[in-house]
Amino acid sequence: MTPELQYRIEQFLYRKSALCDAQDWDAYLALFDPAAEFHLPQWDSEHDYTRDPRTGMSLIYYSSRAGLEDRVFRIRTGKSAACTPMPRTLHQISNVRIAPLVDDRLEVKANWHTLYHRLGNSEQFYGHATYHLRAEGDDWRILRKHVLLLNDTINSVLDFYHL
């Protein structure tokens, strides 16, 4: 991987995080391919998690971007009591690693940490994420986002915007 590619991928992830923090949902959703899979598995034990969302439990699983679009619709229309009011979030990305896949696609692994504040309480979530990306012009599209939530004892609401 070249330093230029590393920089471009990091900037893409930083922009994704900033769009989520700004609740710019249209621009955020546009980063995902229509067929993009979003998976947050459940931990089966202290060190093993669900590998296949079709046969095991998941905290969040969307087989396509339509699942994210539905969540955004519910947020915008006030049909999600769990998201009213929306939290203020701050996403941090670190330790970005890039590996080539077939057909000029990339596998990008990163650590993430999200701080959030809602209803007078500040909390945090953190973990690892693996993205499959495809180049689209000078930008990237997310084909898959697989998230491991390391602090999975959840004291409040958990949604896509926390990850």
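The side chains of Arg71 and Asp159 are joined by a polar contact of 2.3 Å (a pair of N or O atoms within 3.5 Å, one able to donate a hydrogen and the other to accept it; residues adjacent in sequence count only if both atoms are side-chain atoms). The model is predicted: local features need pLDDT of at least 70 and side-chain atom pairs pLDDT 80 or more, while totals for chains, interfaces and linings use all residues. Residues are numbered from 1 along each chain as its sequence is written, and side-chain values use heavy atoms, without hydrogens and water.

Arg71 lies in helix α3, residues 65-77 (helices are DSSP runs of H or I with at least four residues, strands runs of E with at least two, numbered from the N terminus). Arg71 is buried, at 14% relative accessibility (buried is under 20%, exposed over 50%, partly exposed in between, with a 1.4 Å probe and protein chains only). Beyond four places in sequence, Arg71 contacts Tyr62, Ser80, Cys83, Asp159 and Phe160 (contact: heavy atoms within 4.5 Å).

Phe160 is also among the members with the most contacts to others in the largest nonpolar core, which holds 40 residues (buried Ala, Val, Leu, Ile, Met, Phe, Trp, Tyr and Cys joined through side-chain atoms within 4.5 Å). Helix α1, residues 3-21, gives the most to this core, with six residues.

Most residues other than glycine have a negative phi, and most peptide bonds are trans. Thr84 and Pro85 are joined by a cis bond, with omega about 0°. Asn95, in strand β3, has a positive phi near 50°. Asp103 has a positive phi near 60° and is exposed, at 63%.
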